[in-house]
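This report goes through one protein chain, from its overall form to a single residue. Please keep the sequence and the model in view while reading.

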Amino acid sequence: MITKAPEDLYTAEPFVPDRGGLPALRRAAADCRGCPLHRDATQTVFGEGVASARVMLVGEQPGDQEDRQGKPFVGPAGKLLDRALAEAGIDPAEAYVTNAVKHFKFTRAEPRKRRIHKAPSLREMTACGPWLAAELAVVEPELIVVLGATAGKALLGSSFRVTEVRGTVLEKEIHGRAERLVPTVHPSAVLRSDDREAAYRGLVADLGVAARALG
């Protein structure tokens with residue numbers, strides 16, 4: 001009988017502890033082998049923030065800087081997000097930030113060349129879902145800000161289209177909990193935009209909806 005390696009089963013479930021707060025989850029996630037992405041990534045990049053955060057921001061996956069530093073949203077997109085949050089009236093220090101996928105997925109054009117971000121598959125997002133469910137259960141945010149299409153698909157299913165619902169307050173059941181969500185674009189999309197100023201204004205406007213929803 002051939003026993004599959006844990007990563008071939010595509011689920012983080014066996015690695016998620018039954019009890020303990022965010023520190024216990026972070027320690028356990030460091031050893032996650034729930035999908036093959038752990039093989040090439042430098043380290044697991046778990047969520048950051050206080051367990052009492054009223055708002056949880058969910059992005060796609062760590063980028064190059066996040067993979068090296070082990071913290072989410074520390075690269076250029078993270079700096080832009082902090083600026084947009086502050087402008088919209090949400091204190092970045094009071095938010096919990098995480099990603100739908102906890103390992104950096106990338107390709108290399110050539111050996112030793114820059115690592116190029118590659119979007120995670122639905123199977124990889126689903127495999128990482130138990131970590132996001134555990135974070136939601138501990139933090140119990142009043143509102144989830146969904147950053148981009150991948151995070152939206154991870155939370156709301158493969159039919160999610162950020163352009164159709166951005167800047168609106170959605171009420172959905174997520175991992176067995178009734179949640180309020182405000183979708184918007186990922187800050188990296190602002191950085192890639194031809195009209196960066198207009199894209200940034202749109203992000204701030206969407207985050208303003210989130211700020212008002214928090215009251």
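## Basis of the description

A contact here means heavy atoms within 4.5 Å. The model is predicted, and local features need pLDDT of at least 70, side-chain atom pairs count only at pLDDT 80 or more, and totals for chains, interfaces and linings use all residues. Residues are numbered from 1 along each chain as its sequence is written, and side-chain values use heavy atoms, with hydrogens and water left out.

## Overall form

The protein chain holds eight helices and seven strands, where helices (H or I, at least four residues) and strands (E, at least two) are DSSP runs numbered from the N terminus. Its radius of gyration is 17 Å, which agrees with the value near 17 Å for a compact globule of 215 residues; the radius is taken over C-alpha atoms, and the globule rule is 2.2 Å times the number of residues to the power 0.38. Along the principal axes, the C-alpha trace spans about 55 × 45 × 30 Å.

Of the 215 residues, 48% are buried, a term that stands for under 20% relative accessible area, with exposed being over 50% and partly exposed in between (1.4 Å probe, protein chains only). Among contacts in the protein chain with a separation of 6 or more, 72% come from residues 24 or more positions apart.

Strand β7 (residues 177-184) pairs in the parallel sense with strand β5 (residues 143-147) over four bridges, and two strands are said to pair if DSSP finds at least two bridges between them. Within these strands, L147 stands opposite T184 in β7.

Strand β6 (residues 170-174) runs antiparallel to β7 and is joined to β7 by five bridges, with L170 opposite L181 in β7. The hairpin of β6 and β7 has two residues between the strands, and H175 takes a positive phi near 50° in this hairpin.

## The setting of P187

P187 lies in helix α7 (residues 187-192) and counts as buried because its relative accessibility is 0%. Which residues does P187 touch, not counting residues up to four places away in sequence? They are F73, A77, L80, L81, L147 and L203. One of these, L147, is also the residue that stands opposite T184 in β7.

By comparison of positions, P187 and A24 are 163 residues apart in sequence, and their C-alpha atoms are 29 Å apart in space.
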